[in-house]
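Take a look at the protein shown here.

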Amino acid sequence: LTIMELTRPIQDTSLKRSLENSNVSGVSFFAKSMSVTKIIEGNPIFEAFGNAKTCGNNNSSRFGKVMKLQFDIREDSMNPDMPHTRMVGCINSTYLLEKSRVIRHSAGERGFHIFYQLLAARPTFLMQVWKEGFKINESVEEGGGRRMAWPSDFRYLIRDSRYGIPDGQDSVDAVPGMSDSKNWISTQKALQVFGIVGEELITLVRALCVVLQLGNISFGSNATESAMPQSGEYAVVTSDIELKKLSSLMGVSTSMLEDSFTEKIHVVRGVAMKMKLTPDDASKACDTFAKELYGLIWNYLVEKINIATDATRTYSSERSSQLGRISLVDMFGLENFPVNRFEQFCINYASEMIQHRYLTDNFKTMTDEYVTEKLRLDGMDDLQMVDNSDLMELLGGKIGIIVALDEECVRQGGSDSMFVYKVKVVHEMSSRMVNDRHHSAGIFSIRHSADTIEYTADEFMERNSDQMTHDLVNLGCQCSNTIIKEQFSKVDKLSLAVSGARKSTKDTVLSKFRSELNKF
């Protein structure tokens, strides 16, 4: 649509002259809108920061998007039934960015494109951004000398041993037919269109470097042979050099970084108490901060794009209310990977819901009309074969899987295994729920419209809650990087607004996502 808008001819010259005097902010009605150009230029940014190589697609979008295209509509006095329209803007809403891909990915896959594009940028630029991180001193065993950083130098870009997988196993650095260096140039040019140049570009790239460096922080136990047994085991940072690099990059002290990752503040009856974390919990806290930071960088970019493309910012309030709108939903198809986690469940729920809406709004309405008018339903019997109403009841009904997960998230002592157990018991008689006694405690399978999909429920609760501790939010607020600081300050204000409130099922990722889907 945007390409057609930029290239469409204007044949009626008399009409063109009559409307050219109808200006909006000094721009002729028929002038080519810069907003339309910016809508197109936003695509390389969405692809770089939101797409990744998966097993089935070298450029798979790992987020959902709704584009609300805006049109200026003017009546034609010569032909009132055929108004003239001009695309003038767009507002983007994005959903379910796969933040877990920041810290891990499956065999044969990659993280988000932007990280590989960045590492393929010119050395002079990388040295300007972060010299101590991108310039690697090799050991004597590796041949000595200095070189620029590779993806394998950052744990988040390989299949990391932090998750029980040998370093570098099945890692993919390059994608056939895709040039990360050329794509970085395209991404940089697109960022320039939205005013992200000079120091702001450096600040953005350094924020990405923080994400990468967080993966290189390792944790161990304080326990030694001389440690007193009663002192308890707790986490300490075991990568001092990497911690110093992160400290320099973020502009906060190493002690604050270590405390934020290895300690957690609990408030009991108004009294704040510090609790030491285990090495495993400290690693999870560090990963949570990295995922949240990347999500905030994404929000910053979407906001930048919307500021530049939203027509209501240049039109009067009266004209803004009269703009025509077309919403385009760019959602995921059904996904079935070797290991399907919370993100695949959300994606597949969205896919099934869109199919259900399409069937309801079209075929079922038509069927009801045929029945009412006592017409033959030749060819309509196949509708029952694709009807997924029973599946939608299983997924999103009053006692469905989503409700069960949300309730388990707010229940004291809730667990992923208990969530799976309850789902299997409550929906034992559902034809869509697979009853397989060989499943482990954290596995459940659903017969979707196109395929039977097995889900691994590990971290379902954590990802559905998507909450950070106040310690991590405060760490982001203390960062010297202006983008990180400003974005975490917004999170801090939001957390203060709801502090002290009881956890609600309305605050979960799935509940918010389902609410947005219902609006569509």
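A residue counts as buried when its relative accessible area is under 20%. By that rule, 46% of the 520 residues of this protein are buried. The model is a predicted one, and the values below are computed from it.

The protein has 20 helices and 14 strands. Its accessible surface is about 26,600 Å², and carbon and sulfur atoms account for 51% of that. The contacts can also be sorted by distance along the sequence: of those between residues at least 6 apart, 67% join residues at least 24 apart.

Now turn to two of the helices. Helix α3 covers residues 34-50 and helix α6 covers residues 180-193; their axes come within 9 Å and cross at roughly 130 degrees. The crossing of α3 past α6 is left-handed. On the α3 side the contact involves K38, E41, P44, I45, A48 and F49, while α6 contributes S186, T187, A190, L191 and V193. Sorted by class, these residues are 7 nonpolar, 2 polar and 2 charged.

The last stop is L212, which lies in helix α7 (residues 198-214). Is L212 buried or exposed? Its relative accessible area is 0%, so L212 is buried. Setting aside neighbours within four places in sequence, L212 is in contact with F115, F154, Y156 and L157. L212 and A290 are 78 residues apart in sequence, and their C-alpha atoms are 8.0 Å apart in space.

Key. Residues are numbered from 1 along each chain as its sequence is written. This is a predicted model: local features need pLDDT of at least 70, side-chain atom pairs count only at pLDDT 80 or more; totals for chains, interfaces and linings use all residues. Side-chain values use heavy atoms; hydrogens and water are left out. Helices (H or I, at least four residues) and strands (E, at least two) are DSSP runs, numbered from the N terminus. Buried means under 20% relative accessible area, exposed over 50%, partly exposed in between (1.4 Å probe, protein chains only). Contact means heavy atoms within 4.5 Å. Accessible areas come from the Shrake-Rupley method with a 1.4 Å probe; for residues, only the protein chains shown count as cover. Axes are lines fitted to C-alpha atoms, for helices over the stretch in contact, and angles run from 0 to 180 degrees between N-to-C directions. A crossing is left-handed if the near helix is turned anticlockwise from the far one by less than a right angle, and right-handed if clockwise. Ala, Val, Leu, Ile, Met, Phe, Trp, Tyr, Cys and Pro count as nonpolar, Asp, Glu, Lys and Arg as charged, and the others, Gly among them, as polar.
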